[in-house]
Amino acid sequence: MRLGMKVLLTILVVVFALIGIRIIKQKIDSANPRVKVDIEYLYNCSSIGYLEYDLSVEGELDELRISRDKKRIAYSVDYKKEDDSIQTVFSVIDIQRKSNVGIIDDVKFMADYVIHQSEDLECEQKLQNYVKDHFKSHPGVLGGIVRYKIASWVYSPDKKRIAFIVNGVDGHKSFYPNLFVAEYTGDNITRIDSSSDVFCEDIIWLSSNEIMYSKDSVLWKAILKK
């Protein structure tokens, strides 16, 4: 009888211990929610109107702006002409239709389309520590040492998240940009995308859980989910 009671007590202790571990794990998981991301193709920027060119060779996607009704994205492209001079072209796409609306001039680009103004980065030290721990310096292709840093960042419209780009520079070119999102405190950093090419330095938040960015001459939309 005593042996049976001891066995029963042992079983109860184990069961309660397992329940306690599960509760603790749930608390940890809820305190550090993982962000799931869906990446959606939006538009190929390798051609604008009558212009056909390879952005990776002749030009690069530069600035992103959004219309005030958040239905259109405007972007600028700096590309090299046959005489090696640089020309800037501004174009607009419809976000929902994923289609080109047309070419605009620099005046409309500045007046009709806006950017999210970034404020002081309060959690900068946490992000800098993350970069230091996860991106090590290495020799560059053309000489020098590649050092990684935060190239650009912007708060989401509700100020609850931060999107930022990390890339390496050696004084000659950029290396392996990575796009991340984090909580406004600098916690729960999640990699959204990475590339061997250069991301556009401007990151546009379409909403509090949607990010617009460029990669390989294409505009992409990242949808954040918990």
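Visitor: In which loop is arginine 97 found?
Guide: This is a predicted model, in which local features need pLDDT of at least 70 and side-chain atom pairs count only at pLDDT 80 or more, while totals for chains, interfaces and linings use all residues. Residues are numbered from 1 along each chain as its sequence is written, and side-chain values use heavy atoms, with hydrogens and water left out. Helices (H or I, at least four residues) and strands (E, at least two) are DSSP runs numbered from the N terminus, and arginine 97 is found in the loop between β6 and β7.

Visitor: Is arginine 97 buried or exposed?
Guide: Buried means under 20% relative accessible area, exposed over 50%, and partly exposed in between, with a 1.4 Å probe and protein chains only. Because its relative accessibility is 70%, arginine 97 counts as exposed.

Visitor: What is the phi of lysine 98?
Guide: Lysine 98 is found in the loop between β6 (86-94) and β7 (99-104), and at 35% relative accessibility it counts as partly exposed. Although lysine 98 is a residue other than glycine, its phi is positive, near 55°.

Visitor: How many aromatic pairs does the count come to?
Guide: Rings of Phe, Tyr and Trp (its six-membered ring) pair if their centres lie within 6.5 Å, and planes under 30 degrees apart count as stacked, over 60 as edge-to-face and the rest as tilted. By this rule, the number of aromatic pairs comes to 9.

Visitor: What is the angle between the planes of phenylalanine 135 and phenylalanine 180?
Guide: The two rings form an edge-to-face pair, 6.1 Å centre to centre. The angle between their planes is 90°.
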